[in-house]
Each structure stands twice: as C-alpha cells, then as structure tokens.
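Visitor: I have a structure here and some questions about its side chains. Can you walk me through them?

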Amino acid sequence: MSTILNIKQYSNEAIKFWLAFELISPIVLFMTTEKYMLEALELAEKGWGQTSPNPLVGAVVVKHGKIIGRGYHHRAGEAHAEVNALHDAGKKAQGADIYVTLEPCSTFGRTPPCTQAIIDAGIKKVFVGSVDPNPAHAGKGLEILREAGIETVSGIEKQACDKLNEAFFCWITSGKPFVILKMAMTLDGKIATAGGESKWITGPAAREQVQHLRKWCDAIMVGGETVRQDSPGLIVRGIDTVWKQPQKLIATRSMDDNDLLKYFPDKSARAVRCSSSTEWHDLLVELGKENITGLLIEGGGELAAEALNAEIVDKIEFHIAPKILGGKDSRPVVGGENPLTLEDAKFLRDYKLEIVGDDIIVSGYILRR
C-alpha cells in the first residue's frame, strides 16, 4: 500500500511532522555539508602562497556531527590535507566522513595516494568540492573510493573550491600560468605624473593587498620603465610565512640581464622580450614548464596594454584611489595604440567592487571573445 494511503492512519499532527521532515531534512543536510566544506576551505587558505605547483587543499573529518580531525596542505612535497586531517583524527576516523576541497589524489607522486589513506582509515563517506581538473586523473580518485565501498558526493561549495585553485586549474589544463594584471590608479585613470612619480597612489590597506597577491604568485612582471623610475624590490613584505620569493621578470626591449644588475645586484631578476601575441603565449608556455602557476603583472601602462592586447590576462585587479591627478601628459593606467572603436574595449565578467581602506578595488575576469 502506498504512503499516501497509509498516512490516513495517523493524526494530522503526525502527518504534518512527517511532511515537515521530508521537506526540511534535505535542506538541513545541505546546510550541514556546506558548513563542513566551508571549514575545509578556511583550512586550505592557510597554505596560501606555500603549495605551488600543488593546489591549496583543506580537509575535515566528521563523526556524529562533530569535527574530529582537521588538516591542510602546508607545502609542496609535504603531506596532503587528507592525510593531515586523518592523522589529527587518529583511530576515531573509523566510520567517519571526510570533507575535502579537492578530489583526493589517486597516484603516487612525492607522497602516496590519498585515496589509499582514506580507505585504510575506514572512512565511510567522502564529500568533495572540486573534481581533479587534470584530464588524466579527473574522477579516478572518486571511482577508486566507490570501488572500495565508500560513498562519495562531489560538488559541495564547488564554485568557492574552484576559485581557490583557479591558478592551479589553469596551469594543469593549459600548461600556462594564470595571469592577474594588478594596477594602482587615480580616479581619472592615472598611474604616475608626467615625470614618473607614483609613490604612493593608493593607501596602506590596498598596498597590503598587493603583498597578499605577491605571496600568491610564482612570478612578478613589471616593465623596464617601471624599474628605471621606481627601482622596485618586487618582493613579499610584511608577511612572516613566505617560504620563497616570487621570480622577478622584467619586460623590456632595451635592458639585458647585465643592465638589471644595477637594480637587482643579487641577480634575482631576468629580462623577457615579447613583441607579438605569439611570443607572449610562448613565454607563458615556457613559464608553465618552470612550474609557474600564477603570474602577477604590476605595470606600467605600456606593459598593461601589451598584455591585454596579447590576450594573456585572465583577471584584472585595479586599485583606485579617491583622488584626481589630471594632466594630459600624466601616465595612463593602460597605454598602447589608440583604439578605433568602443568595440575594441576589453570587457569583464564576474566582476566585483570592494572598499579597502580609503581605496576601491575592482576585480574581474577578462571576457574572451
């Protein structure tokens, strides 16, 4: 007999309770899984700037509605998030669930596969945020777990998990680093006076955000004119947990590595030369082979124009100070050749605005035509 016929046996109160349970329980389950994955994401972010060329990954082990183990990937070559979380949980992991921001690895690399560690620990259910983007591995970890009798659920907080590793995903699928163009400008689009003075356009809070980006990237690129005018150090400052500084790339047609010794006597910078879109993309392939997963371009205006026109920029982050510089010869945030029509403009998708200190930060992804 169907459920519809059977419910006639019960009181109105019982029917209401049953209906409420049937309707609400999936929502409660979703909110619970979301809560645990957000905890795993927070853990993953602790590895910011430390794991490349590996992804950022966090994991939590949950039993009877309580987190009993936490872990994240600290550094490339060291234990993965799942292993750290299982170690934290110990023997209590038997029969528990694990939430992990990225599909557990299934092959031997510098560390053993996490799938085997999960099986050995006696985990009963695995919740995953992002599936491994590597075509050679995508879905295989989940398949191995299912074959071992472990239930798997993927796609929990997928958008946030994907975004966390957008550089790694780009690199592992295309062989090229993910490129962010960061520029600091006045409200009227100027990055320096006609004489080149640019310190400081934005305030301390925005400049701290730049250090966060520098910690994220594997390499920083500026133009030769920026080096001549500003003598930038191009290092991560004020952050204690930096285990390596990003590579320094100087885009120039007139300076060579010997010329750069005047500005970087420790030989930490190298000159790069690109005069066409093809050469720019070839450079990205070369950088990708050097395990550079994230490239941060910091200007100036001519380099910004070249990078945008060569279509190598994936994302922009423009820091806008609430001040007007003026002057027809003051230097624009994006230079280059004059466009012929408004159709030549670069459009953004998924853009957002933030207030950081006294400044406005506009970020977004370049819309590919």
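Guide: Start with one residue of this predicted model. Tyr 99 has 4% relative accessibility, which makes this residue buried.

Visitor: Which residue forms a stacked aromatic pair with Tyr 99, and what is the angle between the planes?

Guide: The ring centres are 4.3 Å apart. Planes under 30 degrees apart count as stacked. The partner and the angle are Phe 127 and 5°.

Visitor: Is Phe 127 buried or exposed?

Guide: The cut-off for buried is under 20% relative accessible area. Phe 127 has 5% relative accessibility, so this residue counts as buried.

Visitor: How many residues apart in sequence are the parts that this pair ties together?

Guide: Tyr 99 lies in strand S3, residues 97–102. Phe 127 lies in strand S4, residues 125–130. The pair therefore ties together parts whose separation in sequence is 28 residues.

Visitor: Which residue do ring pairs link with Tyr 99 and Phe 127 into a cluster?

Guide: The cluster has Tyr 99 and Phe 127 in it.

Visitor: How is the aromatic pair of Phe 168 and Trp 171 arranged: stacked, edge-to-face or tilted?

Guide: The centres of Phe 168 and Trp 171 are 6.2 Å apart, with 50° between the planes. Stacked needs under 30 degrees, and edge-to-face needs over 60. The pair of Phe 168 and Trp 171 is tilted.

Visitor: What separates Phe 168 and Trp 171 along helix H7?

Guide: Helix H7 spans residues 166–174. Phe 168 and Trp 171 are three residues apart in it, so the separation is about one helical turn.

Visitor: How many aromatic pairs does the structure hold?

Guide: The pairs include Tyr 99 with Phe 127. Another one is Phe 168 with Trp 171. The count for the structure is five.

Visitor: Which residue lies over the face of Trp 200?

Guide: The distance from the ring centre is 4.5 Å. The residue over the face is Arg 207.

Visitor: Why is Cys 161 too far from Cys 114 for a bond?

Guide: Cys 161 is buried, at 1% relative accessibility. A disulfide needs sulfur atoms within 2.5 Å. The closest cysteine sulfur to that of Cys 161 is in Cys 114, too far for a bond because the distance is 15 Å.

Visitor: How many disulfides does the structure hold?

Guide: Cys 274 is buried at 8% relative accessibility. Its closest cysteine sulfur, in Cys 170, is 17 Å away, too far for a bond. The number of disulfides in the structure is zero.

Note on methods: Residues are numbered from 1 along each chain as its sequence is written. This is a predicted model: local features need pLDDT of at least 70, side-chain atom pairs count only at pLDDT 80 or more; totals for chains, interfaces and linings use all residues. Side-chain values use heavy atoms; hydrogens and water are left out. Buried means under 20% relative accessible area, exposed over 50%, partly exposed in between (1.4 Å probe, protein chains only). Rings of Phe, Tyr and Trp (its six-membered ring) pair if their centres lie within 6.5 Å; planes under 30 degrees apart count as stacked, over 60 as edge-to-face and the rest as tilted. Helices (H or I, at least four residues) and strands (E, at least two) are DSSP runs, numbered from the N terminus. A charge sits over a ring if NZ of Lys or CZ of Arg is within 6 Å of the ring centre and within 35 degrees of the ring normal.
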